[in-house]
Amino acid sequence: MRKTRPFAGLMLTALMAATPALAQQGGAPDLFTILSNLQRNPAYQGEVLTTQPYYPRPGSPQFLYEVRILTPDDRIVIVYIDPMSGQIVPNPGG
């Protein structure tokens, strides 16, 4: 596995700082826990490149985490995760 680039760590830190209240409401898992669980799944192992909010419905305050992962075979996989449950959302656009 490749070493994590400093930029990816900064992006993750910035996102975690921007959404702490959302991550703590109602027992929702924090972003670190979500990403740790994701990395345990063999289909999503690799280097997390970016994590950012994704709004499936423009204008709505509800969002998903969009996680981009560089796999060991140099593919980029994009995964959408519900921040309240920590579960992968298979088809966020409908």
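Biologist: How many residues of strand S2 are buried?

Modeller: In this predicted model, strand S2, which spans residues 64-70, is mostly covered, with six of its seven residues buried.

Biologist: And how does strand S1 run relative to S2, parallel or antiparallel?

Modeller: Strand S1, residues 47-54, runs antiparallel to S2, and seven bridges join the two. As a place to look in the viewer, Thr 51 stands opposite Val 67 in S2.

Biologist: How many bridges join S2 to strand S3?

Modeller: Six bridges join S2 to S3, which covers residues 76-81, and this pair is antiparallel too. Here Ile 69 stands opposite Val 77 in S3.

Biologist: Which residue takes a positive phi in the hairpin of S2 and S3?

Modeller: That is Asp 74, with a phi near 65°, in a hairpin that has five residues between the strands.

Biologist: Switching to helix H3, which residues are buried there?

Modeller: In H3, which runs over residues 31-40, Leu 31, Ile 34, Leu 35 and Leu 38 are buried. They lie on the same side of H3, because they cover an arc of only 95° around the axis.

Biologist: Why would residues three or four places apart point the same way?

Modeller: An α-helix has 3.6 residues a turn, so residues with that spacing point the same way.

Biologist: What caps the N-terminal end of H3?

Modeller: Asp 30 does, through a side-chain oxygen that lies 3.1 Å from the backbone nitrogen of Phe 32.

Biologist: New topic: how many salt bridges does the count come to?

Modeller: The count comes to two salt bridges, taking a cut-off of 4 Å between the side-chain nitrogen and the carboxyl oxygen. One of them joins Arg 68 to Glu 66, with the closest N and O atoms 3.2 Å apart, and Arg 75 forms another with Asp 73, where the closest N and O atoms are 3.1 Å apart.

Biologist: Is Glu 66 buried or exposed?

Modeller: Glu 66 is buried, since its relative accessible area is 5%, and the cut-off for buried is under 20%. Its partner Arg 68 is partly exposed, with a relative accessible area of 31%.

Biologist: And what is the relative accessibility of Arg 75?

Modeller: Arg 75 has a relative accessibility of 46%, so it counts as partly exposed, given that exposed means over 50%.

Key. Residues are numbered from 1 along each chain as its sequence is written. This is a predicted model: local features need pLDDT of at least 70, side-chain atom pairs count only at pLDDT 80 or more; totals for chains, interfaces and linings use all residues. Side-chain values use heavy atoms; hydrogens and water are left out. Buried means under 20% relative accessible area, exposed over 50%, partly exposed in between (1.4 Å probe, protein chains only). Helices (H or I, at least four residues) and strands (E, at least two) are DSSP runs, numbered from the N terminus. Two strands pair if DSSP finds at least two bridges between them. The arc is that of the directions from the helix axis to the C-beta atoms. A polar contact is a pair of N or O atoms within 3.5 Å; within protein, one must be able to donate a hydrogen and the other to accept it, and residues adjacent in sequence count only if both atoms are side-chain atoms.
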